[in-house]
Amino acid sequence: MEEKQTEGELIEEMYSGFCKTLNETRTVFCEFENRGGKRFFAHADCAYGTCPHSKTCLLMKQAKEE
């Protein structure tokens, strides 16, 4: 059963994978905002966006694809 989400609600999810910058496996907590019935990436507790590997980050790729 899928929960009904309200406009502007933040959804938190965890993703695990290999971090190239830290050269280790880690878990990243991500926040997504519900806008217009769609989910948009809002924040991650890593350096995603400023990290030199942001464009090729496989860990965050799985978060953005859902």
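## The hairpin

β1 and β2 form a hairpin in which four residues lie between the two strands, and Asn23 in the turn has a positive phi of about 55°. Strand β1 covers residues 10–19 and runs antiparallel to β2, with 10 bridges joining them; strands count as paired if DSSP finds at least two bridges between them. Within this pairing, Met14 stands opposite Phe29 in β2. Strands here are DSSP runs (E, at least two residues) and helices likewise (H or I, at least four), numbered from the N terminus.

This is a predicted model, in which local features need pLDDT of at least 70 and side-chain atom pairs count only at pLDDT 80 or more, while totals for chains, interfaces and linings use all residues. Residues are numbered from 1 along each chain as its sequence is written, and side-chain values use heavy atoms, with hydrogens and water left out.

Buried means under 20% relative accessible area, exposed over 50%, and partly exposed in between, with a 1.4 Å probe and protein chains only.

## Salt bridges

The count comes to three salt bridges, each being a side-chain nitrogen of Lys or Arg within 4 Å of a carboxyl oxygen of Asp or Glu. The side chains of Arg39 and Glu13 meet in one of them, at 2.7 Å from N to O. Because Arg39 lies in strand β3 (residues 38–44) and Glu13 in strand β1, this pair ties together parts that are 26 residues apart in sequence. Arg39 is partly exposed, with a relative accessible area of 27%, and Glu13 is partly exposed at 22%.

Arg26 forms a salt bridge with Asp45, the closest N and O atoms being 3.6 Å apart. Arg26 belongs to strand β2 and Asp45 to the loop between β3 and α1, so the pair ties together parts that are 19 residues apart in sequence. Asp45 counts as partly exposed, at 38% relative accessibility. Arg35 also forms a salt bridge, with Glu33, where the closest N and O atoms are 3.8 Å apart; Arg35 is partly exposed at 40% relative accessibility, as is Glu33 at 25%.
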